[in-house]
Structures are given as C-alpha cells and as structure tokens.
Amino acid sequence: MCGIVGYVGREEAAPILLDGLARLEYRGYDSAGIAVYSARDGLQVAKAKGRLQVLSDKIHGGADVRGRIGLGHTRWATHGEPSDVNAHPQLSESGRFAVIHNGIIENYVEIKEFLQEQGVSFVSQTDTEVVAHLLDYYYKDDMMDAVVKVLHRIEGAYAFGIVCADCPDRLIAARKDSPLIIGYGQGFNFLASDVTAVIKYTREVSYLDDGDIAVLTADKVEIYDSLLLPQNKARHTVDWEVSAAEKGGYEHFMAKEIMEQPEAFRKTISPRIQNGRVVLDDLEIGADDLREMDKIYIIACGSSYHVGVVAKYTLEKLLRKPVEVALASEFRYCDPIVSPKTLCIVISQSGETIDTLAAMREAKRLGARVLSIVNVVGSTIARESDDVLYTWAGPEIAVATTKAYSTQLAVIYLIGLYFADQLDAIDEETYRSVLEELQRLPDKMEKVLEQKEKIQYYASRYFNHESIFFIGRNVDYAVGLEGSLKLKEISYIHSEAYAAGELKHGTISLIEPGALVVALAGYRGLFEKLMSNVVEVKSRGADVLGVTTDSLGAEMEKTVDAAVTVPDTLDMLLPSLEVLPMQLLAYYIALMRGCDIDKPRNLAKSVTVE
Ligand code: F6R
C-alpha cells in the first residue's frame with residue numbers, strides 16, 4: 001500500500017525523493033514525508049498530511065532539505081489517522097534512526113509496552129515507530145547488528161528503508177511479504193517499492209526476496225539473505241519507457257489507460273499466436289498434467305476476481321472441467337478442497353496483493369499447481385508460482401484498473417484455447433473461429449472506444465443518480481460486477497450488480513421510479529430472458545441504459561431509455577467489448593461529480609495489508 005523510496009548518491013536527494021514519491025503516490029496518498037541527512041544539518045525530517053504536493057510546497061520542492069542520502073514515503077494509513085505525526089519517516093527517540101515502512105508490524109503493541117517500560121516515549125500511533133525505537137534500543141555502534149536484531153524481534157509484513165545518522169553513507173533495506181526493489185546506477189543507488197519510482201534514473205533493478213537485507217552506498221549494493229549470507233541477486237532490465245508511466249496529454253491516467261486497451265490486448269495476445277495456434281512457451285504445465293487435473297480453482301481479489309468470474313464461464317465451456325472461482329481473502333480461511341490434481345489460476349495485476357499471495361501459498365501448501373496471471377514482472381506472486389503468464393499491459397498507474405483487467409481477460413482466452421487444444425476438448429473449426437475472433441477483438445475494442453462522446457453524454461444524464469444497478473446473465477453478469485465496482489470506486493455512487501434472474505428474489509424491492517439500471521444484454525442466447533428482466537424494472541419506474549451488440553441494438557432500443565452497442569462477437573468474448581462502456585461511464589460520471597479519479601478516497605493501488 002504505502003510507497004517507499006530511498007536514494008544514496010552524489011546529487012541532492014530531496015528532489016529525487018519527491019520525484020520518486022510522485023510516481024509512487026498511487027500506492028497511498030494520505031500523507032507523505034522525507035528524511036535527508038547532511039553533515040551540516042544532520043538528519044532532517046519533513047512530513048505533511050495530505051497529498052505529496054503539500055509536502056513539496058512545504059519544503060520548496062526539496063530545496064529546504066539538503067543532503068545526498070535520504071528516504072521518502074507516501075502513506076496509506078493503517079495504524080493511526082493520516083496526520084503529520086503519523087506520516088513516515090518515523091524517528092527513533094535519539095534522532096539517530098529514520099525508518100520508512102510498508103506493511104504491518106503485528107506484535108507492535110507488545111514491543112511498544114516493552115519499550116515504554118524502558119522509558120521510551122512514543123509520539124505517533126503507528127506500528128512503525130516501534131521499529132525506530134527498537135533500533136535505538138539494540139544499537140551498539142553497529143547499524144547492521146541493530147537492524148538484524150530488530151528483524152528477529154518483529155512479526156508481520158514489511159518493506160523497510162532505514163538511515164542512521166552515525167553511518168551516513170548508507171541505507172539499509174529489508175523485506176518480508178511487502179515488495180521492495182533495488183535500482184542500480186552509476187554513482188547512486190535506490191531502494192523502492194516498485195520500478196516506477198526509479199525508472200527515470202535507471203532501468204537496472206533487482207527484486208528482493210523475503211528475508212533479504214540490502215546495504216546501499218553510492219557505489220555499491222550488498223544483499224544478504226536472512227542468514228546474512230551474501231547473495232548474488234539477478235539484475236533485470238526494465239523494458240518499458242518512462243513515458244509509459246506518465247499521462248501523455250490525458251487529464252487522468254485512467255483515461256489514458258482506458259484508451260490504451262486495444263494496444264495492450266494486442267501486445268498480450270500477438271506474440272502468443274503463431275501459425276494459427278496459441279503458443280504458450282512460458283508454460284511448463286503439459287498435456288499429461290492437464291489430463292490429470294480434476295478441477296481448476298481461480299483465486300483473485302477485486303477486478304481480478306471479476307476476470308475470474310468471466311473465466312469460470314469461459315473455461316468451463318471450453319474445457320468441460322469444473323472451475324471454481326474464489327475471493328482470495330475467503331479462500332484462505334474456507335478449508336478449501338485442493339489437491340495435487342487441482343490447478344490454481346491466480347490472477348493479480350500487481351502480483352503483490354497480500355490476500356492473493358497468502359491464498360496462493362495456502363494452495364501450494366495443499367499440493368496444487370499454481371499458474372499465475374500477473375502484470376508486474378518480478379512481483380512476488382509471479383516469482384512464487386509454478387508457471388506465470390504475464391499480461392503485457394505496461395505500468396498501470398490509475399488506482400482503478402482498466403487495461404490490466406482487459407489483458408487478464410486476454411490471457412484467460414489464450415489459456416482456454418491452449419488447454420482445450422491440449423485436452424482435445426475442442427474441434428478444429430471452433431478453435432479456429434475463436435482464435436480468429438480473438439485476433440479481431442483489438443480492432444473492435446477501438447470501435448467501442450470511438451463512442452466515448454456518446455457515453456459521456458449518457459454520463460451527463462445519469463451522474464446525479466444516488467444508486468445504480470447493473471444486471472446481466474452469464475458473462476454479461478460478470479461484466480456487470482466489474483462495471484459496478486468501477487463506478488462505486490471512483491464516483492462514490494452506491495451500486496450493486498446482480499445476476500438478472502436474481503432480481504426478483506429480493507433486490508427488485510429497491511427499484512423505484514428514477515432508479516438507474518444498466519442492463520447488459522450482449523449474450524445472444526439469453527437476450528430475450530434479459531429483456532424480460534428489463535421490462536420488470538421498467539414497469540417499476542426504472543430508467544434503463546442498455547448495452548448489447550450491434551445486431552441486437554434495434555430490438556433493445558424498443559424497450560430501454562438509452563443504449564450503447566458493441567460490435568458483434570462470440571458470446572464468450574463479449575466481456576472484452578462490453579467492459580469498455582462500463583469503464584467510460586464510470587470515468588465520465590466521476591469526472592462530472594468532481595471526484596479525484598486516479599486517486600479515489602480510501603483506496604490504494606496495491607493492497608499489501610490483509
Ligand atoms: C479495482 C481494482 C482492485 C484490484 C484488486 C486486486 O479497480 O483495481 O479491485 O483489482 O485490489 O489487485 P491485484 O490485481 O493487483 O491483485
């Protein structure tokens with residue numbers, strides 16, 4: 001959740017830290033802070049509640065805080081309200097140590113009581129402050145020794161950046177269950193939560209593993225494992241451009257990312273289709289493993305879970321194997337029926353979502369084979385799964401996902417075709433028709449996005465509604481779930497998504513004159529059934545915005561108040577087209593309501609706490 005960055009080098013650290021934080025702000029944005037050391041001024045800390053700009057203004061873009069080594073943090077509050085005092089870095093009582101932290105120290109209460117008994121005073125409500133004081137407690141002229149003792153004493157999840165005024169040439173980084181990377185430069189080095197913070201300065205990075213401790217000076221990085229054995233960490237070169245993480249003329253990252261979807265989809269499928277076949281070279285799972293497999297479990301959170309709901313329909317249809325889709329936070333605690341014959345497909349944009357990671361570890365412990373679908377290269381989920389298929393969506397910065405969702409769907413379709421082929425579960429003609437249509441989807445997505453003005457107009461009609469319902473059947477229902485989530489997370493309008501047939505089992509009582517119902521009715525085989533549900537809500541006074549395919553549009557328009565159509569496609573591929581008007585609708589409604597679209601309240605991009 002929080003974003004952390006540390007720099008040691010020959011330039012002024014503060015502006016570099018602020019720049020890194022600006023690129024990490026999507027991880028948390030309720031307060032921010034930096035600590036910079038110089039021989040003249042010692043360890044200086046500046047913190048401010050609110051967006052990063054408040055901090056930046058306070059220290060004149062960094063000019064007030066001089067020094068060539070420092071740490072920066074942008075916070076998503078867990079322990080203690082957003083405030084100057086709870087912002088990181090947290091200082092030890094002696095003022096010797098400054099600490100930035102992403103994660104949760106689970107035994108902080110016990111440690112706090114212990115330290116208070118030793119006479120230590122606390123100033124914040126954060127769990128992180130105990131780490132700063134504990135460093136003081138263990139410090140006997142050896143910074144590394146104190147860090148190691150602290151890491152043994154604490155429980156929970158962490159990515160730390162630590163600076164000590166007694167050793168002002170170095171930063172220490174440590175990780176367990178929270179992402180942390182090292183960025184290597186000539187005469188400088190970085191630690192950071194993710195590569196977006198450092199990409200402007202270097203493309204050469206290493207991903208720390210759980211238990212790793214790194215010592216960074218301007219000229220050297222030493223990495224040790226939890227037993228303090230030196231590690232030779234692989235270095236990776238980040239292959240995307242700085243511009244990919246910038247707005248490029250759009251008002252919001254979300255708008256840019258919505259428009260990038262056709263291209264991202266193309267990039268995700270094209271290299272994996274060769275000579276009319278899906279080729280998944282990166283998969284080690286073979287035909288025999290697939291034949292053995294008696295069940296697929298899909299595990300994910302949020303929008304990635306919604307891709308899982310689509311996947312259940314799609315994979316069951318293509319493979320004729322049972323597919324169960326579970327919310328990661330539930331899977332962990334439901335005593336899941338998983339065996340070595342289970343294939344778990346784990347879906348995560350960030351590859352760091354703690355619930356998904358923990359569920360994946362549980363599935364592996366129970367013997368399942370894990371195939372992950374991940375966007376962030378080198379993320380923990382990618383590294384810990386047996387097989388990984390990357391969604392090549394590029395960096396996704398807006399908190400509300402769009403292009404990651406679309407590329408996750410693309411990978412699901414590829415997996416469906418590939419597995420069906422391996423299992424001989426699909427005839428050649430069907431295989432070919434699905435594959436050809438899959439390749440046509442990016443062009444069709446472009447056609448849908450061309451209708452953005454029309455959707456903007458509908459948004460202007462509906463942005464004042466206080467409650468919006470989404471209904472659909474089969475994959476249309478799955479898209480409704482995503483449409484509803486998009487809307488509520490960025491526009492703060494209350495919204496629910498229902499399988500249309502379920503309405504009359506309770507929810508229809510909420511439909512009253514003026515309620516807005518978005519009816520997804522692209523699924524040809526269920527069009528009439530869905531339209532009956534539309535009639536039911538209309539006769540109770542609802543306004544209906546319908547979404548269907550071009551060929552069904554005229555029929556739908558006879559009943560609904562407004563309609564959006566998407567190009568005709570195979571039913572199973574519909575979500576890739578139908579989700580686009582849902583994203584645009586949410587975007588424009590949020591815009592008209594004056595919401596902070598890229599950084600919605602209470603949310604953060606990467607959910608690394610349980
Ligand atoms: C919604 C959204 C979230 C994420 C969820 C899982 O727009 O972005 O619901 O989908 O937090 O995140 P990942 O995919 O990173 O595991």
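What follows is a dialogue about a predicted model.

Visitor: Why is Val-609 called buried?

Guide: Its relative accessibility is 11%. Buried means under 20%. Therefore Val-609 counts as buried.

Visitor: Where does Val-609 lie, and what is it in contact with?

Guide: Val-609 lies in the segment after helix 19 (574-592). Leaving aside neighbours within four places in sequence, its contacts are Met-1, Trp-76, Thr-78, Gly-103, Ile-104 and Ile-354. Contact here means heavy atoms within 4.5 Å. Ser-178 is 431 residues away from Val-609 along the chain, and their C-alpha atoms are separated by 8.7 Å.

Visitor: Now Lys-321. How do you know that it has no salt bridge?

Guide: Take the nearest side chain of opposite charge, Asp-294. A salt bridge needs a side-chain nitrogen of Lys or Arg within 4 Å of a carboxyl oxygen.

Visitor: What does the side chain of Lys-321 reach?

Guide: The backbone oxygen of Met-293, at 2.6 Å. The cut-off for a polar contact is 3.5 Å, so the distance of 2.6 Å falls within it.

Visitor: Where is Lys-321 found, and which residues is it in contact with?

Guide: Lys-321 sits in the loop between helix 9 (302-319) and strand 19 (323-327). Beyond four places in sequence, it is in contact with Leu-290, Arg-291, Met-293, Glu-316 and Leu-423.

Visitor: Which residues touch the most other members of the largest nonpolar core?

Guide: Ile-34, Phe-419 and Leu-438, out of 130 residues. Phe-419 touches Leu-283, Ile-285, Leu-290, Leu-319, Leu-343 and Leu-371, not counting residues up to four places away in sequence. Another core, of 33 residues, lies apart from the largest one. Among its residues are Val-120, Tyr-158, Ile-172 and Tyr-224.

Visitor: What makes strand 5 and strand 14 edge strands?

Guide: Look at the order of the open sheet: 5-6-7-8-12-13-14, seven strands with antiparallel pairing. Strand 5 (90-91) and strand 14 (230-231) each have a single partner strand, so one side of each is left without a neighbour in the sheet.

Visitor: Within that sheet, how do you know that strand 12 pairs with strand 8 and with strand 13?

Guide: Count the bridges. Four join strand 8 (residues 171-176) to strand 12. Four join strand 12 (residues 213-216) to strand 13 (residues 221-224). Pairing requires at least two bridges, so both pairs qualify. Both run antiparallel.

Visitor: Which residues stand opposite each other there?

Guide: Ala-174 stands opposite Ile-213 in strand 12. Val-215 stands opposite Glu-222 in strand 13. Leu-216 has Val-221 as its bridge partner. A hairpin through four residues joins strand 12 to strand 13.

Visitor: What makes both faces of strand 12 covered?

Guide: In a regular strand the side chains alternate between the two faces of the sheet. On one side of strand 12 are Ile-213 and Val-215, on the other Ala-214 and Leu-216. All four are buried.

Visitor: Why is strand 3 called mostly covered?

Guide: Strand 3 (residues 42-49) has eight residues, and six of them are buried.

Visitor: What joins strand 2 to strand 3?

Guide: Eight bridges join strand 2 (residues 31-38) to strand 3, and the two run antiparallel. Again, at least two bridges are needed, so the two strands pair. Ala-32 stands opposite Ala-48 in strand 3. A hairpin through three residues also joins the two strands.

Note on methods. Residues numbered from 1 in each chain as written. Predicted model: local features only at pLDDT ≥ 70, side-chain atom pairs only at ≥ 80, totals over all residues. Heavy atoms only, no water. Buried < 20%, exposed > 50% of the residue type's maximum accessible area, 1.4 Å probe, protein only. Lys, Arg positive; Asp, Glu negative; His and termini not counted. Polar contact = N/O pair within 3.5 Å; in protein donor to acceptor, adjacent residues only side chain to side chain. Core = buried A, V, L, I, M, F, W, Y, C linked by side-chain atoms within 4.5 Å.
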